[in-house]
Amino acid sequence: MLHSHPAHRPGVLIEAAELRIVSLPLLIPFVISTGTMTGKTFPLLVLKGEGLEGVAEGVMDPTPDYLEETIPSAMAFLRDVLLPQIVGKRFATPYELEQILSPWRGNRMAKAVVEMAFWDLWAKTLNLPLKAALGGVRDHVDVGVSLGIAPIEKTLERVDEAVAQGYKRTKLKVAQGHDVKIVAAVRAAHPDIKLTVDANTDYTLSDTPVLRALDEFALDYIEQPLAFDDIHDHAKLQQLVKTTICLDESIKSAKDARVALEIGAARVINIKVGRVGGFMAARAIHDTCAAFDAPVWCGGMLESGIGRAHNIHLATLANFTKPGDTSSASRYFKRDIINEPLEAANGQMPVPTNGPGIGVTLDYDFLATVTDHVEEIQT
Ligand code: OSB
Ligand code: MG
């Protein structure tokens, strides 16, 4: 029976939103081709409704280093546009929420924060783990490590440690002048490990000889060698190198994935739910890649336990067949903002199940000590 009174309409009422900026120090600086991160600062959104809380974090950086969005731009868009559009409203499903988000151009990382927090809240109202709401099929996900740029000796130590801990893949960050020598040294020390590199856009087609030189190290793939806004030149490059190309920054939608796979710009895709605008887009990319027989894996952005939990649930979908970047939180942070440890064992990360939704809970006392800013959005 349908009820016309708003209080009886079906769906999840979003009663209020709490938006924070949180800063956590990183245990060691993380160096990639675009810069060095010594701490992790991120927006944290809590959507409140039905006596429950849905939580998500944003993956945008303070400055537009990885992609265009920034924390200040996202905070303004969230505060002034997105949150006023949804607080005080009911949404029966994430599909309904998507109708509000999708007309806005770009701003995918900001939209993802809202969408992901709603998925968590919605799954909690259904008393389901997020992975079940998403259609995931695994209890554990395979994970590897992503190692920042460092001197060769330091890199070799870090690789030894990751291999000893059982991580299923080692990804080396590379950049111009920090590439072939480092990869050669790691491959010489570990002839059989699954090894990849990530250039975070540092090369152009004129660097093809360097990228071809990497062919001799049996890499599983080269991640995002060329520009963040390019797909076309990656197709040219893929014709010139034997190693599989994997795209990260260049893939923002299922359409981008289709184009990349149709023209042969990549054979593997890194899916980051925060980069692509949320779980609806992440699943669409996952499904598109499956249709092309292209494996996907779940990337990371040095998230706290909240974003990490979202990533783990996403990676339970069937076509996430390559190890993801969601390694143990203790590799990054002395103390996390959640109550549950997110630790991998033998290269497998268990799906968190402390309650429905993302299966982890905020440590509000500690969170208070690492919150730079907090604001409430109410109707
Ligand atoms: O390209 O995957 C990337 C971190 C910051 C910015 C870009 C990237 C990364 C990582 C980190 O590789 C992976 C992780 O979260 O451990
Ligand atoms: Mg990457």
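This is a predicted model: local features need pLDDT of at least 70, side-chain atom pairs count only at pLDDT 80 or more; totals for chains, interfaces and linings use all residues.
I then asked which elements give two or more residues to the shell around ligand 1. These elements are β2 (16–32) and β8 (170–173).

**Domains.** I next checked why ligand 1 can be said to lie between two domains. Domain 1 (6–128 + 362–378) gives residues to the shell, and domain 2 (132–350) does as well, so ligand 1 lies between them.

**Shell.** I looked up how many residues surround ligand 1, and the number is 17. The closest are Asp198, Asn200, Lys272, Leu302 and Tyr332. By residue class, I recorded 7 nonpolar, 7 charged and 3 polar residues in this shell.

**Polar contacts.** I then examined pairs of N or O atoms, for which the cut-off is 3.5 Å. The side chain of aspartate 198 has an N or O atom 2.9 Å from an oxygen atom of ligand 1. For leucine 302, a backbone N or O atom lies 2.9 Å from an oxygen atom of the ligand. Aspartate 325 also places a backbone N or O atom 3.4 Å from an oxygen atom of ligand 1.

**Cover.** Finally, I asked how much of the accessible area of ligand 1 the protein covers. On its own, ligand 1 has 390 Å² of accessible area, and the protein covers 99% of it.

Technical notes. Residues are numbered from 1 along each chain as its sequence is written. Chains are lettered from A and ligands numbered from 1 in the order in which they are written. Side-chain values use heavy atoms; hydrogens and water are left out. A residue is near a molecule or strand if one of its heavy atoms lies within 4 Å of it. A polar contact is a pair of N or O atoms within 3.5 Å; within protein, one must be able to donate a hydrogen and the other to accept it, and residues adjacent in sequence count only if both atoms are side-chain atoms. Accessible areas come from the Shrake-Rupley method with a 1.4 Å probe; for residues, only the protein chains shown count as cover. Helices (H or I, at least four residues) and strands (E, at least two) are DSSP runs, numbered from the N terminus. Ala, Val, Leu, Ile, Met, Phe, Trp, Tyr, Cys and Pro count as nonpolar, Asp, Glu, Lys and Arg as charged, and the others, Gly among them, as polar. Domain bounds come from an automatic or database domain assignment.
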